[in-house]
Amino acid sequence: MNSKNETHDETDILSSMWQQQQTEVVGLGSVKQKWRKVQYKQRLYFVFDLIGVLFMLGAFYIAFDKLGVFAKTWMAILTFFAGVTAVYFSYLRRFALSWSNLITESFIEQLKKQLMSNIKIAKFNRDLSLWMVLAIVIFYAGMFYVDDVSLAVVAKKGVISLAILAAFTPLFWIWADRRAKRFSKELAALEQALLEPDPETLL
Amino acid sequence: MSQDFNSILSEYGALLSRVATSYEANHHLRQELLQEISLAVWQSLRTFKGDSSLKTYILRVAHNRAISHVAYHIKTPKSASYCEMTQASPSPTASSETTMAQQQQVTTLLNEVRKLPIQTRQIVTLSMEGLSYQDIAEVCGIKVTNVGVILNRSKKVLLEAIKHEQ
C-alpha cells in the first residue's frame, strides 16, 4: 500500500514539475505555410522523376524518323525503364505525405522502412549514373553494327553524348552517394535512439 | 477544419510544445519540430475516428512525428549550448529563491527526460501528461505491465537526478 502511494506521489511531483515548463504556441498560419512547403517539395521530387521520362519520350518522338530499328528498340527499352523507375520512386516516397496516426511501434517500423527506401533510391540513382554511360555506349555501338550508321556520325554523336555525361555524372554520383550515406546515418541514429533495456529483465 | 484546428491549437498547443521540448533542446530546432508536430496533428485530424480520446490521439501523432525528427537531425549538434535560447529563461517575476529553485528543477527534469531512450521518454512524458497505463500501452503498442515497469524505474531515475541537483 505504501509503495503504491509512493508511486502516485512520485507521479504527482514529476507531473507538477512537467506542467511548470515554459511552452510556445504555434500559429495556424505557420502550420499552413509549412504544409505548402512539404507539398511543394514532394511535387518537385515527382517532377524530377517525371522529367527523365518526358526527356526520353521527347527525344524518341523528335528523332523517331531518323532512327534505325536497333536505336528505336533501345530507346523504347530505356524509356520504359525510366517510366517504371519514376512510378517505383513515387511508390517508395508515398509514406512521406501520409501523416501517421499508427501506434508508435508500427510507426517506427514504417519509419525504418521509409529510411531504407530512401537509401535504396539514393543508391539506385548513384549507380544509374554509371549505367547510363554503358547504355550510351551500347546505343551508339548498336547503331553502328545493326543500323548501319557510319562510323563518323556515330563517333561524333557518341563523343558529344559521353562528354555531356562526363560533365554531369561525377556531380550526380557524389550527390546521390551523400544522400545514401545521410539516410544510412539517420537509420543508424534512429536504431541507436530506440535501444531500450528489456522490460522483462527489470521485473 | 481551420476553425476546428484553431481551437485545438488553443487547447492543446502547450501540450504539443511540451512534446517538442522532450525531444529537442535547441530552441530553433524545437520551433521547427513544433511546427512539424502541429502540421502532423492537423493532417491526422481527418482520420480521427474517436476510438480514443482526442488528447491521446494528438499525443500519439505528436510523438510519432518527434521520433522522425530524432533521426533526421542526427547531423545537427545535440547539445543545448548550440543556441543561447535552449532553456526557458526565468520570468520577470521569478526573483525569489524558491521560484529559482523550482525553475532549476524543471530544467533538470527536461534535461534528464531528453537523455532517456525513446520509448522510455515517450512513456514517462505521456504519464506526466496524465494518460493512464492502458492509454500509454495503446499509444506505444506495448503491454500494460511493461508500461508500469518502465515507468516506475524511470521515475526513480528522474527523481534521483533532481535530488542530486539540489
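Which residues have the most contacts inside the largest nonpolar core? Select B:Ile37, B:Ala62 and B:Ala66: those are the ones, and the core they belong to has 55 residues. Keep in mind as you click around that this is a predicted model.

**Stop 1: the core**

Then go back to B:Ile37 and show what is around it. Leaving aside residues up to four places away in sequence, B:Ile37 touches B:Leu16, B:Val19 and B:Ala20, and also B:Ala62, B:Arg65 and B:Ala66.

**Stop 2: chain B as a whole**

Zoom out and color chain B by secondary structure. Of the 166 residues in chain B, 40% are buried. If you look at contacts in chain B with a separation of 6 or more, 62% of them come from residues 24 or more positions apart.

**Stop 3: two domains in chain B**

Color residues 1-78 of chain B one way and 94-166 another: the domain assignment calls these domain 1 and domain 2. Taken over C-alpha atoms, their centres are separated by 18 Å. Where they meet, 12 residues of domain 1 and 13 residues of domain 2 take part. On the domain 1 side, helix H1 (2-23) and H3 of chain B each supply at least two residues. By class, the domain 1 side has six nonpolar, five polar and one charged residues.

**Stop 4: a helix crossing in chain B**

Next, select helix H5 (residues 118-128) and helix H7 (residues 144-165) of chain B. How do they pack, and how far apart are their axes? The angle is about 85 degrees, and the axes are 10 Å apart. H5(B) and H7(B) are therefore roughly perpendicular to each other, since angles from 65 to 115 degrees count that way. Show side chains for the residues that meet here: B:Thr120, B:Ile123, B:Val124 and B:Ser127 on H5(B), with B:Val147, B:Ile150, B:Leu151 and B:Ser154 on H7(B). That contact has five nonpolar and three polar residues, and no charged ones.

**Stop 5: over to chain A**

Hide chain B for a moment and look at chain A. Chain A has six helices and zero strands, running α-α-α-α-α-α from the N terminus on. Buried residues make up 13% of its 203 residues. Among contacts in chain A between residues at least 6 apart in sequence, 79% join residues at least 24 apart.

**Stop 6: where the chains meet**

Bring chain B back and select the interface.

Note on methods. Residues are numbered from 1 along each chain as its sequence is written. Chains are lettered from A and ligands numbered from 1 in the order in which they are written. This is a predicted model: local features need pLDDT of at least 70, side-chain atom pairs count only at pLDDT 80 or more; totals for chains, interfaces and linings use all residues. A residue is buried if 20 or more other C-beta atoms lie within 10 Å of its own, exposed if 12 or fewer, and partly exposed in between; C-beta atoms are placed from the backbone. Two residues are in contact if their C-beta atoms, placed from the backbone, lie within 7 Å. Helices (H or I, at least four residues) and strands (E, at least two) are DSSP runs, numbered from the N terminus. Axes are lines fitted to C-alpha atoms, for helices over the stretch in contact, and angles run from 0 to 180 degrees between N-to-C directions. Angles under 35 degrees count as roughly parallel, over 145 as roughly antiparallel, 65 to 115 as roughly perpendicular and the rest as oblique. Ala, Val, Leu, Ile, Met, Phe, Trp, Tyr, Cys and Pro count as nonpolar, Asp, Glu, Lys and Arg as charged, and the others, Gly among them, as polar. A nonpolar core is a set of buried Ala, Val, Leu, Ile, Met, Phe, Trp, Tyr and Cys residues joined through C-beta atoms within 7 Å. Domain bounds come from an automatic or database domain assignment.
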